[in-house]
Amino acid sequence: MLAIVPARGGSKQVPAKNLRAIAGKPLVVHVLDKLAQVPEITRTVVSTEDPQIASVTRLRGYEVVDRPAALASDTATVGQVAVSVVEALVWDGPVGVFQPTSPTLKVETIRT
């Protein structure tokens, strides 16, 4: 399974929310670390247009797919972002989308 984490940098209500730390770790990293524990997930990528999110993600060893500017707007849907990633990677298989604002995500929930 391909796991896509759509982490846009342009939040207007909570600036840089995907990098906000909880228990000393950015939100996006909490989700990535959980996904890394799921054996059914064979590839995990973060879709972002934000250089800071990309840097934090890559520094921790996770893959980044650069998000086109047109898909970094308030009107872009998660579905559009997922399709963009699947096409960029030429992925042919199951796909899951996991929000970076879900730091309490549990491995058991993903696996069922």
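Which residues does leucine 35 touch, not counting residues up to four places away in sequence? In this predicted model, leucine 35 is in contact with Ala3, Val5, Ile41, Thr44, Phe98, Leu105 and Ile110. Several of these names return below, in the sheet and in the core.

Strands of a sheet pair through backbone hydrogen bonds, and the pairing can be parallel or antiparallel.

The pairings can be followed through individual residues. E1 and E4 are joined in the parallel sense over five bridges, and alanine 3 stands opposite threonine 44 in E4. E4 also pairs with E5, again in the parallel sense, over four bridges. Here valine 45 has glutamate 63 in E5 as its bridge partner, while valine 46 stands opposite valine 64 in E5. Five of the six residues of E4 are buried, so this strand is largely enclosed by the rest of the structure.

Helix H2 (residues 51-59) can be read from its start to its end. At its start, a side-chain oxygen of aspartate 50 comes to within 2.9 Å of the backbone nitrogen of glutamine 52. Within the helix, Ile53, Ala54, Val56 and Thr57 are buried. Viewed down the axis of H2, these buried residues fall within an arc of 165 degrees, so they line one face of the helix. Their cover includes strand E3 (25-26), helix H1 (27-35), strand E4 (43-48) and strand E5 (63-66). The face turned away from the buried side carries the exposed residues Pro51, Gln52 and Leu59. After H2 comes glycine 61, with a positive phi near 90 degrees.

The interior can now be described. In soluble globular proteins, nonpolar side chains tend to be buried together. The largest nonpolar core here has 19 residues, of which Val5, Val28, Leu35, Val46, Phe98 and Ile110 touch the most other members. Strand E1 (2-6), H1, H2 and helix H4 (107-111) are the elements that give two or more residues to this core. H1 gives the most, with five residues. Another core, of seven residues, lies apart from it and includes Ile4, Val65, Val85 and Leu89.

Two loop residues deserve a separate look. Where is alanine 23 found? Alanine 23 is in the loop between strand E2 (21-22) and E3. Its phi is positive, about 55 degrees, although alanine 23 is not a glycine. With 76% relative accessibility, alanine 23 counts as exposed. Valine 90 has its place in the loop between helix H3 (78-89) and E6. The phi of valine 90 is near 50 degrees, a positive value in a residue other than glycine. Is valine 90 buried or exposed? Valine 90 is exposed, with a relative accessible area of 72%.

Conventions. Residues are numbered from 1 along each chain as its sequence is written. This is a predicted model: local features need pLDDT of at least 70, side-chain atom pairs count only at pLDDT 80 or more; totals for chains, interfaces and linings use all residues. Side-chain values use heavy atoms; hydrogens and water are left out. Buried means under 20% relative accessible area, exposed over 50%, partly exposed in between (1.4 Å probe, protein chains only). The arc is that of the directions from the helix axis to the C-beta atoms. Contact means heavy atoms within 4.5 Å. A polar contact is a pair of N or O atoms within 3.5 Å; within protein, one must be able to donate a hydrogen and the other to accept it, and residues adjacent in sequence count only if both atoms are side-chain atoms. A nonpolar core is a set of buried Ala, Val, Leu, Ile, Met, Phe, Trp, Tyr and Cys residues joined through side-chain atoms within 4.5 Å. Two strands pair if DSSP finds at least two bridges between them.
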